[in-house]
Amino acid sequence: MRILLVDDSRTIRNIQKNVLGQLGHKEIAEAADGVEALKAIAESKPDLVLIDWNMPNMDGITLVRKIRETDKALPLIMCTTEAEKSRVIEAIKAGVNNYVVKPFTAETLAEKINTTLAKLTAAAAQ
Amino acid sequence: MDVRFINPFIAAVKNVFNTMVTTQITVGKPYVINASQEPVADVSAVIGLSGDVVGCVVLSLPMQSAVNAASKFAGMELTPDNPDFADALGELANMVAGQAKSNFTGFNVSISLPSVIIGREHVVSQSRAKPRLALPCESALGTFHVEVVMVVNRPSAKQAPAAATV
């Protein structure tokens, strides 16, 4: 499984990589903003994308909307400090499949990733 | 600064450091910064606030506390010359500001991307028109403080944050 991590903080991307590594995921690409992420998606065709909200050049919510213009199926998990209900609703309406609020524990992030993938697998099987 | 906004910052500092740095933080009594007794820092991570509340949040640390916090957060030794050092501290400030503002119920607030200043014994000089509040913090990583300047720009028509106790 190819996973793309989109966050302007390399520290956060490293933490996410560690969690993903513990879950057995090794094919991981990274992007530091929405513009880089769109290029990475076109090039590497990830199976899952984790997206931060507040980033330079193109923020995460804009990135989600751009992705959903052409790809309704790509699993997207927003991983962000934006915790207000209105933000969560906005992200869901934009098309994310799940939402993780920073700060997060490794266990929470792992659970959200596994839940997202399990739901999509179940939906695909029907 | 409206005291009702203090508790969210206290809670945010504790939660962010406990969750991401596995470090307990003891927050001392908040105090208004006196212009004649400016706290100095060696590293400051600055986040701007805009929207219904405008202002600034600054995570200010002496160098050793900053090295300890950044290194523990990143899971590896980080020194100030490493670009990940500023990144780690900026992200900690980002999470503190983000979590605090999410508890300003009914207020629509945006946060800026972090800026990190590294320089021995510097002062982050903000607008002196508004009171600046300092939250002194102690931990196994060392001491540091969180500085907050905030003004309600447009009181929300909805619920305000719960009353804070200091």
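## Asn68 in chain B

Let's start with Asn68(B), which sits in helix 2 of chain B, a helix covering residues 63–74. Keep in mind that this is a predicted model. Is Asn68(B) buried or exposed? Asn68(B) has 20 C-beta neighbours inside 10 Å, and the cut-off for a buried residue is 20 or more, so Asn68(B) counts as buried.

Which residues does Asn68(B) touch, once its neighbours within four places in sequence are set aside? Those contacts are Leu141(B) and Gly142(B). Then there's Phe85(B): 17 residues separate it from Asn68(B) in sequence, and their C-alpha atoms are 10 Å apart in space.

## Where chain B meets chain A

Helix 2 of chain B also turns up at the contact with chain A. On the chain B side, 17 residues are in contact with 15 residues of chain A. The elements of chain B that each put two or more residues into this side are helix 1 (6–20), helix 2 and helix 3 (83–102). Helix 3 of chain B gives the most, with nine residues.

What kinds of residue make up the chain B side? Eight are nonpolar, six are polar and three are charged.

## The sheet in chain A

Over in chain A there's an open sheet of five strands, paired in parallel and ordered 2-1-3-4-5. Strand 2 (27–31) and strand 5 (98–101) of chain A are the edge strands, so to speak: each pairs on one side only. From one strand to the next, the twist averages 20°.

Take Val6(A) as an example: its bridge partner in strand 3 of chain A is Ile51(A). Helix 3 of chain A (residues 60–70) packs on the sheet, where it touches strand 1, strand 3 and strand 4 (76–80) of chain A. The direction of helix 3 of chain A makes about 175° with that of strand 4 of chain A.

## How confident is the predictor?

For the complex, the predictor gives an ipTM of 0.91 and a pTM of 0.91. Chain B has a mean pLDDT of 88, with 89% of its residues at 70 or more.

Key:
Residues are numbered from 1 along each chain as its sequence is written. Chains are lettered from A and ligands numbered from 1 in the order in which they are written. This is a predicted model: local features need pLDDT of at least 70, side-chain atom pairs count only at pLDDT 80 or more; totals for chains, interfaces and linings use all residues. Two strands pair if DSSP finds at least two bridges between them. Helices (H or I, at least four residues) and strands (E, at least two) are DSSP runs, numbered from the N terminus. Axes are lines fitted to C-alpha atoms, for helices over the stretch in contact, and angles run from 0 to 180 degrees between N-to-C directions. Two residues are in contact if their C-beta atoms, placed from the backbone, lie within 7 Å. A residue is buried if 20 or more other C-beta atoms lie within 10 Å of its own, exposed if 12 or fewer, and partly exposed in between; C-beta atoms are placed from the backbone. Ala, Val, Leu, Ile, Met, Phe, Trp, Tyr, Cys and Pro count as nonpolar, Asp, Glu, Lys and Arg as charged, and the others, Gly among them, as polar. pLDDT is the predictor's confidence in each residue, from 0 to 100.
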